[in-house]
Amino acid sequence: MKDLKYLIEFENLLENADNELVKKAQSEGDLAIGYTCYHMPEVLLNLGNCFSVRLRAPRSSSIDIATYYMSNYTCEYCRSLLERAIEGGYQFLDGIAGVDACSAMNRCYEHFEILKCCEKPDFFITHCDIPYKIESYTVDQMEIQMRLRLLDVLKERYGVDTSDEALLKAVEEHNEVCRIMTEIGDLRKLPNPPVTGYEYHVLSLVSYCCPKRLILPYLRETLEEIRHREPDEKSPFRARVVVVGSEIDDLDFTRLLEDAGAMVVADRYCYGSKPGREEIKIDPNENILRQIVLHYMKTSECARYMSEEKVQQRRDTADRLAREYSADGIIYEQMKFCDFWGFERPLASHILAEEYGWPVLSIDRPYNVRNSGQLRTRFQAFVEALEIKRIHGGKEVQGG
Amino acid sequence: MKYPDPKLFRMKDHMNLKLQAENLKEVGGIIADMLKETDWKEVGKDAAGDAKAFYKRVSYEASLLGKMSPAEVKDLILNGEKQLGKLYRNGKMATVRREWRGLKDTGADFYEWARMWAMLLATFSKDLIPSLNGALHYRWMISYFCCHSFMDKNTLGLRGKALKMHHELIYAIFRYVAENLVLLMKADEKGGNSTDLSKKIVLLDEMTMAQIMAGFPDLAGIPYQLMPVFLLSEIDQLACMPYIDAVESYGLPSDTCPVPTSECGACVVDALPHMGACFISSSMPCDGSVMASSYTSRRFKDLPTFHLAFPVRYEDESIMDAAVEDIKACIRFIEEQTGAKWSWDAYFAAMKRFNEETKYELEKWEVNQTPYPQLIGPCYELFRKWNYEMDGGLDPRILKTFSKVDRLMKAAYENREEPWRGKMRHRAIVWSVPAHYYANFSNWLANCWGINVLVEMESLNFTKPLETEDKEEALRDMARLYERMVMRRHTNGGYDHVLTELFRQVEIWKPDIVIMYQHVSCKNMSTLNGLFDEQAREHGVRLIWIEHDLMDPRTVSRKDMRSKVNEYMRTVMREEPLDPSLVDFEDDASW
């Protein structure tokens, strides 16, 4: 397949948290609000002259200083963010919209505060308390938290317009990104898709890490390009997989997997598009903020939601995506030292294999996989198992 | 009304005799296999080794006695022995003998030993057969046979009124344990299979506080995993390892906290009794606990579950409404599942008792903050947590325990007594995830190095009197209380409660040492390691970092934990131990 016109530009944008588009937006007076978690509604960070930057620590190598502060038994993603913050990599931020979802990320933000990693005079960090289940009173809780801890702070500190009109405008822009990403993503349902999992991962990440108004023109053009893109006559991939689990913002993960012959047809992980790129349906006559938070609560696939229906939703979503995208198997992954996904992964992997009948590869992985030989071997073995299964006419279900 | 309701013990059993026969056959087969595979020559050698060691120990103790001056012999007879390390023998589960505490205190100790046995026998005789069935079905039940050993190790070296106080406290805990074990085994499908009783039991997740059950006096709330996992591990640190291994074989990473890990493992190996009208799962205290509930739900699909999930930022009153609504929903759920009705009168009566108990607790703190602390040590620490979480004012008998201990404590304070006589060199507080019970640590600190632990972080919980008249405010207070359950300080609500709070507490308690437990698998605490170090230096506070992994001694052994203190005391403090026999001894296999 011919390379995408902007692929290299997009990859370059992912080399730094404060990429060229972020700098451009800030030079034009916009405010960069960092966030990490899906529990924080992205759309609320794109009000008025604010734009959201989903935080990453690309090209991380040594995380020794963060390890001194947070010990070596904790999530590498959080430690990498802290290391980058201590190095000054997030000085550009005007605020961080944090949620108390997992303890490691919460502590990471607290270190940002205590160690004064961001020094802009009006810089703020919020700690929003988010629920574990969906009930009318937990939706109230979420709404109150977003109003008090985020919208009021944006308004007081920076005079940001947080009116319903501003919310609707942000939703409109957000929905356009979602429509584009969904249309491109859905092309992966085709037997021989005109976009690879790696390319989609790149697109997905730039859509999270760049100011929406500046990345949208590129995304529109890329969509048009992919619509007319001719795939290779024969797909280079030997298997199709859905990746399910915790945060992945590491392009090397997808690269390593696709190099092993498995195309990622659906990305059901944090920083992926499922959830994250579903349009938000709003009734303008109802409470806008409440509808937004409810959308995020309902679509969230976070293992932190502990109620029975959400546990079941996570299993059903993995199964549904695998069927809709004609996957051969599921890769259930977890960031090493992540408690939520650490407990979720073994149980869900067994259930998806034994009750839903999917071949499952269950792995834990570092934040940066780099060129991990261990992972590559596991990916290759899984691809071979899927091929053997296909040869045997689906009679063998090979677990990982 | 008597507590617990005697009717609960009288409910009819429906024992499945076929199941018991099959299990007996299986157990018999296991015993036969064990007998067949036993190397009797090795057993003989071991017995000979024991006899030799016994002879050697008796000779050694006789020689020590022979070398003593008449004054020392008199002191030994009156005040007891001073070398406690010789009670341990490498590779043995029990100590070689009980401690000689001097004539008077050994008498008192023996009386308490007998009283505990009498209570256990009386309690189990309320319905013995289901418990015996349980002992054959669940290997964890066997570990409760060593509860006297737990009592002994937690009172090691104590004398006088301190010894009496500790016995009072541990007695109350074990009475609760015994009563709940009987109920568990009676209601369990594999035990008594009492369906009527099962309908009256509400199972509570991990350390979910009992206060909500105060409004349901006709029901029994039992912490589901307390007996098979949590308390078990404190009595016998080695008991949870099979659970951990099982769930790690299933795929769970080995870096998770052993508490939820063991709970999940208990589900995997089917070690939890099958019973109860419903299960109150909880998001507390930490991320691991949230996730463990999905394993329990998975194992017991027929057990209706309510997820009690409170806000994380518990100082934030703006989210109090959600917490209150969750409590109301939980109450409705219990009512629906059991047919029982919430009683405000019963709830307020219990909370009045709980408030009274909190007043007593604050008096203990007041005394312990003086230069003459009285009620310190592992039994007190365990009692505080148990009373706060599991008892919660429900049992009227506990108020008597408080009152008796209060009288003893005040008398001891008047006399300026020392709990470990002549051994107080340092005042310490314990911070972070506590590991006293697994390693009998605060006791060892006092006996070996004269470090007296005045209080531990997990004891310093909610002390505001709970509302006992206004119903809406009472629910808000219950939410505030639950949000501050044990283990929540370091897991939720921000660093201020655990990091900055340490230095506030140092100002109050004036310790010269902080025993800083470093639970290697606790992400919440280990993510603050660097800040603790830095800020302790700034405040001039001495931290002794002691790594541990709760009920998994394979990660950090008790001996390794002790060696951290030994090194610190010798190299930094330049001190010699009070009891050199306790500096280096083997207890890896002991309870």
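Predicted model: local features only at pLDDT ≥ 70, side-chain atom pairs only at ≥ 80, totals over all residues.
1. Overall form of chain B. The chain holds 25 helices and eight strands. Its radius of gyration is 24 Å, close to the 25 Å that the globule rule gives for 591 residues, so chain B is as compact as a globular protein of that length. The C-alpha trace of chain B spans about 70 × 65 × 45 Å along its principal axes.

2. Packing within chain B. Of the 591 residues in chain B, 51% are buried. When contacts in chain B between residues at least 6 apart in sequence are considered, 78% join residues at least 24 apart.

3. The largest nonpolar core. This core has 296 residues, and the members that touch the most others are Val206(A), Val241(A), Val242(A), Ile330(A), Ile173(B) and Ile201(B). Helix H9 of chain B, residues 160-187, gives the most to the core, with 17 residues. Neighbours within four places in sequence aside, Ile173(B) is in contact with Leu382(B), Phe383(B) and Trp386(B).

4. The contact between the chains. Chain A and chain B contribute 44 residues each. On the side of chain B that touches chain A, at least two residues come from each of helix H14 (287-299), strand E4 (305-308), helix H15 (320-338), helix H23 (523-526) and helix H24 (529-539). H14(B) provides the largest share of that side, ten residues.

5. Composition of the contact. The side of chain B that touches chain A is made up of 18 nonpolar, 18 polar and eight charged residues.

Technical notes:
Residues numbered from 1 in each chain as written. Chains lettered and ligands numbered in written order. Core = buried A, V, L, I, M, F, W, Y, C linked by C-beta atoms within 7 Å. Buried ≥ 20, exposed ≤ 12 C-beta atoms within 10 Å, placed from the backbone. Helix = DSSP H or I, 4+ residues; strand = E, 2+ residues; numbered from the N terminus. Contact = placed C-beta atoms within 7 Å. Rg over C-alpha atoms; globule rule 2.2 N^0.38 Å. Nonpolar A, V, L, I, M, F, W, Y, C, P; charged D, E, K, R; others polar.
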